[in-house]
Amino acid sequence: MLSYILKRLLLMIPLIFGITLITFTIIHPTYGDLVGRETESIATAVYGDAVIEGTIGEPSTLIPMLAGDSASHGVAGMIFNGIVKYDTDLKVIGDLAESWTISPDGMVITFRLKKGVKWADGVEFTADDVMFGYKTIIDEKTPTPYKEDYMQVKKFEVLDRYTFRVTYKKPFAPALTSWGNLVVLPRHLLEGKDITKSDFGRNPIGTGPYKLRKWVSGQEVVLDSNRDYFDGRPYIDRYIYRVIPDPATLFLELQAGGIDMMGLTPIQYTKQTNTDFFRKNFQKFRYPVFNYTYMGFNLKHPWFKDKRVRQAIAHAIDKSEIIDVVLFGLGSPATGPYVPNTWPYNPYVKKYEFDPEKAKRLLKEAGWEDTDGDGIIDKDGKPLQFTILTNMGNRLRINTATIIQWRLAKIGIKVEIRLLEWSTFINEFIDKKRFEAVILGWSIGLDPDQYDIWHSSKTREKEFNFVSYNNPLVDTLLEKGRRTFNIEERKKVYYKIQEILADDLPYIFLYVPDAIPIVHSRIKGIKPSPIGISYNLPKWYVPEKLQRYRIEP
Amino acid sequence: MLIYLIKRLLEMIPTLFGITLLSFFIIHLAPGKPTDILTELNPKITPEARLKLEKYYGLDKPIIVQYGMWLKRIVKLDFGESFSGDRRPVMERIWDTKKPLLERRLFITFLINVLSMLIIFTIAIPVGISSATHQYSLYDKITTTSVFIGFAIPSFWLALLLMMLFGVHLGWLPISGLKSMNYDSLTLMQKIWDRTLHLLLPVFVSSFGGLAGLSRYMRGSMLEVLRQDYVTTARAKGLSEKRVIYGHALRNALLPIITLLGLSVPGLIGGSVIFENIFGIPGMGQLFFMGVMTRDYPLIMGILTIGAILTLIGNLLSDIGYMLADPRIRVK
């Protein structure tokens with residue numbers, strides 16, 4: 001019996017060896033010339049060709065006000081226009097609006113729309129369509145998460161075919177930017193219908209650069225260029241979203257030529273695409289995304305009430321180390337709740353250089369010292385130890401927590417890490433304020449108003465100031481910031497808020513990750529900007545010789 | 001026979017009821033709600049807006065009431081509307097009668113599973129028989145070894161390796177999806193060829209693991225039968241080895257395999273969730289995965305119910321098959 005088992009075990013060795021051998025030979029293929037060598041392009045833009053974007057998520061509906069996922073908004077953004085939009089420097093410019101005027105008290109905005117803009121079915125776009133969109137979004141029966149901004153409107157009037165006026169209850173600075181594509185719907189197609197029941201979400205008609213050709217569930221969304229687009233016919237004739245739920249398959253499709261663009265992961269960006277094949281056939285981009293990761297303290301906790309403890313922890317953490325290890329260097333240190341290179345971002349705030357000695361000094365000042373020689377600093381007989389909570393499944397946050405744990409151990413603070421399933425984390429710990437420290441991230445809107453996150457009134461359950469930050473000066477400034485329209489005035493307000501936050505440290509702002517898309521090199525005309533690359537998509541083109549797909553309308 | 005069938009069909013009703021009840025409670029036990037994606041940690045959402053959304057989806061009612069409402073619709077064969085943004089009826093998402101048969105999700109999943117089942121049975125049964133009749137020969141050892149490799153390799157990993165080899169490295173086969181980008185401009189023959197190419201890898205991967213298992217079962221069951229007295233008798237009568245094996249032994253050895261056929265349905269449906277995601281195939285498994293991720297309760301329940309019905313039908317078919325193959329059961 002024993003010898004039989006031994007024999008069987010021995011038999012397994014060549015087997016395992018065989019399997020690993022197969023793996024290795026397959027995992028390291030040498031890339032041949034899958035895609036033909038490219039010659040330098042001619043600099044003039046021409047029409048034609050298609051771009052295929054790979055995505056892991058499928059849109060749920062193409063009606064912007066009903067969609068909660070980024071895939072839906074991405075596709076809908078190609079089909080619909082807003083009244084206003086952001087320019088590359090994050091200033092607000094007109095999209096469907098020709099111009100607008102704001103009354104001196106900031107309560108009334110009058111928009112004048114561009115004339116001659118047509119829905120894809122040929123009917124002219126007018127102020128009545130905006131009125132219809134507005135009425136739909138504030139309707140009790142519309143299940144939309146975006147009502148709030150429009151509930152601030154006191155009166156909506158259509159003055160003539162191309163002019164409408166909105167009057168607010170109070171001056172509200174984010175008001176202007178709220179007139180994006182959420183409220184632009186074709187009245188002639190939807191009036192009297194329940195938008196949740198109609199099939200408009202799957203067969204939308206918009207005014208945008210592209211129009212829907214077909215949508216095959218689970219497979220692809222195909223868009224054709226709108227030849228009558230008011231801002232000029234887009235050069236790329238067809239834009240296809242291919243839905244491939246598995247990220248590994250997506251990356252293989254990129255190599256096989258099945259897709260032209262996708263978002264990479266840090267390891268794909270730095271290592272896997274660092275080959276001749278990729279350098280020759282693809283262009284990579286890198287720009288900060290609109291979110292940041294932070295470590296937040298429960299400011300009701302007796303230890304963290306003391307600002308010196310929070311500042312000491314900030315000095316003990318090396319942000320650049322976290323960025324190098326966790327993000328492979330593809331990010332930038334965060335110093336406040338805004339993203340670098342945007343107008344509200346204040347680059348001159350207090351920064352906490354990595355200095356463990358200074359951290360120890362600050363802790364000593366606050367009364368924390370290792371009196372019993374166990375390596376953990378203590379005060380009144382209690383050792384300084386706490387738990388960092390973060391959500392399961394987010395590798396970046398877990399790794400960040402581990403590095404912080406190691407760094408804090410060096411100055412005598414004992415940290416434990418606890419991972420929680422997302423819903424449990426939010427419902428049982430964040431909402432009930434049962435935590436000492438958390439690592440989380442915020443996606444930030446393009447408007448700098450962050451009243452809900454920092455104002456001391458927003459600390460109830462399900463609200464967002466869950467760290468219980470309370471600074472009367474910040475409260476006043478937040479109030480002022482959302483009531484001021486002048487961008488220079490607002491800038492001063494938000495600069496000041498960032499200075500105070502940097503000193504108070506309710507959060508330790510850790511990093512802003514980069515978005516790292518890759519695009520096939522035959523596609524020209526891409527101009528990276530702080531708002532990404534796809535804002536000028538209608539102006540992308542493929543030189544005639546390099547065109548890969550022939551599109552027959 | 002007819003009475004037996006009717007009895008079995010009637011028995012399926014309470015079973016199905018039990019399955020849906022359990023599934024409904026289990027999916028609601030999982031933390032998270034369909035509205036979470038829209039509302040969790042989104043500063044634009046006020047608590048009031050959140051409650052309104054929950055009310056809109058009927059999530060504010062006690063769970064037992066929610067089940068009652070679901071059940072009331074289901075007896076009218078109405079699976080309800082999906083919670084996802086476009087609010088389409090669940091049935092339309094699974095079996096869209098406006099689309100050609102080949103593009104309906106349930107049909108795609110069904111087609112791939114039937115194909116792989118056919119492959120599994122046509123290969124595993126002969127392989128199992130011959131390795132039983134040649135026990136401990138070199139042939140038996142080779143098949144045993146390959147079977148263990150097949151068992152040990154996780155299918156998602158094998159799928160990725162094959163995609164790398166055939167899709168990227170050699171460029172022979174498409175990596176994902178069901179048809180090419182230029183499908184509409186192809187001739188009929190090219191269309192058939194295109195679809196076949198796209199199906200090769202998924203069908204191979206989904207049958208690979210099952211192939212290994214089933215051939216082992218076939219081998220074991222055949223060895224069992226070959227030891228029986230009546231096989232010895234048949235040999236003593238002077239029948240040829242061929243007749244002994246294919247005429248007498250095989251029929252009896254097949255009995256446990258028929259049972260396995262019925263039991264393999266839930267496994268195949270579960271497997272679909274994995275390989276449809278990897279290969280980007282727009283079938284029912286992929287839809288189920290999306291539904292679970294967004295906590296789309298009506299969609300999850302719809303697919304689970306269809307899966308349960310398919311499993312019960314599979315069991316029924318295997319019992320009927322058993323009856324046909326084994327006279328002893330028919331008499332009872």
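Helices (H or I, at least four residues) and strands (E, at least two) are DSSP runs, numbered from the N terminus. The model is predicted, so local features need pLDDT of at least 70 and side-chain atom pairs count only at pLDDT 80 or more, whereas totals for chains, interfaces and linings use all residues. Residues are numbered from 1 along each chain as its sequence is written, chains are lettered from A and ligands numbered from 1 in the order in which they are written, and side-chain values use heavy atoms, with hydrogens and water left out.

In chain B, B:Y136 is found in the loop between α6 (105–133) and α7 (138–152). Its phi is positive, at about 65°, although the residue is not a glycine. Relative accessible area was classed as buried under 20%, exposed over 50% and partly exposed in between (1.4 Å probe, protein chains only). At 62%, B:Y136 counts as exposed. In chain A, A:N341 lies in the loop between β15 (331–333) and α13 (356–365), and this residue, likewise not a glycine, has a positive phi near 70°. A:N341 is exposed, with a relative accessible area of 64%.

The predictor gives the complex an ipTM of 0.80 and a pTM of 0.81. Chain A contains 18 helices and 22 strands. The C-alpha atoms of chain A fill a box of roughly 80 × 75 × 50 Å along the principal axes, and 55% of its 553 residues count as buried.

Aromatic contacts were searched over the whole structure. Rings of Phe, Tyr and Trp (its six-membered ring) pair if their centres lie within 6.5 Å; planes under 30 degrees apart count as stacked, over 60 as edge-to-face and the rest as tilted. The search finds 46 aromatic pairs over all chains. One of them joins A:F251 and A:F278, with centres 5.7 Å apart and planes at 10°, so this pair is stacked. Because A:F251 lies in helix α7 (residues 247–256) of chain A and A:F278 in helix α9 (residues 276–281) of chain A, the pair ties together parts 27 residues apart in sequence. A:F251 is buried at 6% relative accessibility, and A:F278 is buried at 2%. Elsewhere, ring pairs link A:W100, A:F111, A:Y134, A:Y150, A:F156, A:F164 and A:W179 into a cluster.

A charge sits over a ring if NZ of Lys or CZ of Arg is within 6 Å of the ring centre and within 35 degrees of the ring normal. The charged end of A:R202 sits over the ring of A:W215, 4.1 Å from its centre. In chain B, the charged end of B:R104 sits over the ring of B:W95, 5.0 Å from the ring centre.
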